[in-house]
Amino acid sequence: MAPPTSSAVTLHINGEKYTLTVDHRTTLLDALRERLDLTGTKKGCDQGQCGACTVLLDGRRSVACLQLAVAAEGREITTIEGVADGDRLHPVQQAFLDLDGYQCGYCTPGQICSAVAVIEEHAAGWPSAVTEDVRPEAGAPALTADEIRERMSGNLCRCGAYAQIVRAVARAAENVTDEVKEPVA
C-alpha cells in the first residue's frame with residue numbers, strides 16, 4: 001500500500017491556528033493564498049529568487065514559495081496581514097507609506113516582512129556581507145545604506161523603488177529603536 005500523499009497540518013499564522021489537509025508538495029505560499037485566502041503574500045518568480053513571497057517564520061525571513069506547508073507546522077508564521085498591531089501600523093509599514101517605499105506595490109509585502117527581520121537581525125548584532133568588523137565584541141555595525149542594501153538584496157523591486165525602500169528601512173529602524181527605549185505606560 002502506498003503511503004498517503006496528504007496530511008492534516010495546523011499552521012500558526014498571525015496569532016491564529018488554521019488546520020487544513022494539504023498535499024505534501026503544497027508550498028506555504030500556495031497554502032496561504034489558495035487555501036487560507038491570505039493573499040497579501042505575493043507569488044512572484046515561484047523559485048525563491050525575487051522575495052515577493054517573504055514571510056516571517058519564527059521571526060526569521062523565509063521565502064514561502066520554497067517552504068513546504070507541512071514543514072511549517074508548529075512554527076510561528078507572520079504574513080503581511082499580521083505585521084501591524086491592530087489598526088496601528090508597524091514602523092516599517094508607516095515608513096514605507098511616508099517615504100513612498102513602493103510604486104506598484106506588488107513587492108511591498110515581501111519587502112516589509114524582510115525589512116522587519118532585517119531591523120531585528122541588525123539590532124541583534126548579526127553581521128552582513130558588507131560588515132567590515134564581524135567580531136562579536138565590535139557590536140552591531142552602523143545601519144548604513146550599504147548595510148540595508150545588502151541585507152535587503154533578496155527582495156527585488158521591478159519598479160526600481162530601491163532608493164525609497166532604503167530610506168524607509170533606515171527610518172523604520174530609528175523608530176523601532178525609539179519605541180524600545182520609550183517606557184511602557
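These legends go with close-up views of a predicted model. Local features need pLDDT of at least 70, side-chain atom pairs count only at pLDDT 80 or more, and totals for chains, interfaces and linings use all residues. Numbering starts from 1 along each chain as its sequence is written, and side-chain values use heavy atoms, with hydrogens and water left out.

**View 1. The open five-stranded sheet.** Reading across, the strands come in the order β2-β1-β5-β3-β4, with mixed pairing. (Strands are DSSP runs of E, at least two residues, and helices are runs of H or I, at least four residues, numbered from the N terminus; two strands pair if DSSP finds at least two bridges between them.) At the edges sit β2 (16–23) and β4 (60–63), each pairing on one side only. Neighbouring strands are turned by 40 degrees against each other on average, direction ignored.

**View 2. Strand β3 beside β5, with helix α3 on the sheet.** Residues 54–57 of β3 and 76–78 of β5 run antiparallel, joined by two bridges. Look for L57, which stands opposite I77 in β5. Helix α3 (residues 108–123) packs on the sheet and touches β3, β4 and β5, where contact means heavy atoms within 4.5 Å. The direction of α3 makes about 40 degrees with that of β3; axes are lines fitted to C-alpha atoms, for helices over the stretch in contact, and angles run from 0 to 180 degrees between N-to-C directions.

**View 3. Helix α1 and what follows it.** In α1 (residues 28–35), the buried residues are L28, L29, D30, A31 and L32. They pack against β1 (6–13), β3 and β5. Buried means under 20% relative accessible area, exposed over 50%, partly exposed in between (1.4 Å probe, protein chains only). Just after α1, D37 takes a positive phi of about 60 degrees. D37 belongs to the loop between α1 and β3 and is exposed, at 61% relative accessible area.

**View 4. D100, another positive phi.** Most residues other than glycine have a negative phi. D100 is not a glycine, yet its phi is positive, about 55 degrees. D100 lies in the loop between α2 (91–98) and α3 and counts as partly exposed, with 45% relative accessibility.

**View 5. The largest pocket.** Among the lining residues are V130, E132, P141 and D146. The lining divides into four nonpolar, three polar and four charged residues.

Key. On a 1 Å grid over the protein atoms alone, a cavity is a set of points where a 1.4 Å probe fits but cannot get out, and a pocket is an open set with protein on both sides within 12 Å along at least five of seven lines; lining residues have an atom within 4 Å of a point. Ala, Val, Leu, Ile, Met, Phe, Trp, Tyr, Cys and Pro count as nonpolar, Asp, Glu, Lys and Arg as charged, and the others, Gly among them, as polar.
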